[in-house]
Amino acid sequence: VFRGQILARRLVGQETRYEVEVKTRYRHRFPLVSREYVWVPNTCDCPQLREGSDYLLMAWRHVNHEHTLNRILLRDDGYARPWTPREDRLVREAAQHC
């Protein structure tokens with residue numbers, strides 16, 4: 001779970017790739033650097049992430065069976081909400097209990 005600002009959006013094949021500036025890391029099981037690519041397995045703009053906006057994102061690390069692909073994936077059951085100070089407070093409080 002992290003807060004990120006969407007810098008760019010690009011369609012690549014049947015997927016959407018977002019360039020994201022990672023601003024705050026709340027809970028992570030894999031390392032994140034200051035800029036990451038977040039992949040969405042569709043091109044229908046779901047979820048709708050606008051360039052220049054900040055979001056609270058819950059994504060998964062995806063590694064294929066051959067271990068040749070390692071990326072951050074925002075699946076259909078993922079979480080992408082516009083970031084607000086209230087969201088920040090709720091996530092910080094939840095992190096203390098989880």
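**View 1. Lining of the largest pocket in the predicted model.** The lining of the largest pocket divides into 8 nonpolar residues, 1 polar residue and 3 charged residues, in a structure that is a predicted model rather than an experimental one. Altogether 12 residues line this pocket, and those lying nearest its centre are Val 1, Arg 27, Arg 29, Met 58 and Ala 59. The space that lies in the largest pocket comes to about 280 Å³. Rolling a probe the size of a water molecule over the atoms shows where such empty space is left.

View 2. Strand S6 runs over residues 70–73 and includes Arg 71. Arg 71 has a relative accessible area of 13% and therefore counts as buried, because the cut-off for that class is under 20%. Leaving aside residues up to four places away in sequence, Arg 71 touches Glu 15, Trp 39, Trp 60, Arg 61 and His 62. With one of these, Glu 15, the contact is also polar, the side chains of Arg 71 and Glu 15 approaching to 2.8 Å.

Notes. Residues are numbered from 1 along each chain as its sequence is written. This is a predicted model: local features need pLDDT of at least 70, side-chain atom pairs count only at pLDDT 80 or more; totals for chains, interfaces and linings use all residues. Side-chain values use heavy atoms; hydrogens and water are left out. Helices (H or I, at least four residues) and strands (E, at least two) are DSSP runs, numbered from the N terminus. Buried means under 20% relative accessible area, exposed over 50%, partly exposed in between (1.4 Å probe, protein chains only). A polar contact is a pair of N or O atoms within 3.5 Å; within protein, one must be able to donate a hydrogen and the other to accept it, and residues adjacent in sequence count only if both atoms are side-chain atoms. Contact means heavy atoms within 4.5 Å. On a 1 Å grid over the protein atoms alone, a cavity is a set of points where a 1.4 Å probe fits but cannot get out, and a pocket is an open set with protein on both sides within 12 Å along at least five of seven lines; lining residues have an atom within 4 Å of a point. Grid points are joined across faces, edges and corners, and a volume is the space filled by probe spheres set on the points. Ala, Val, Leu, Ile, Met, Phe, Trp, Tyr, Cys and Pro count as nonpolar, Asp, Glu, Lys and Arg as charged, and the others, Gly among them, as polar.
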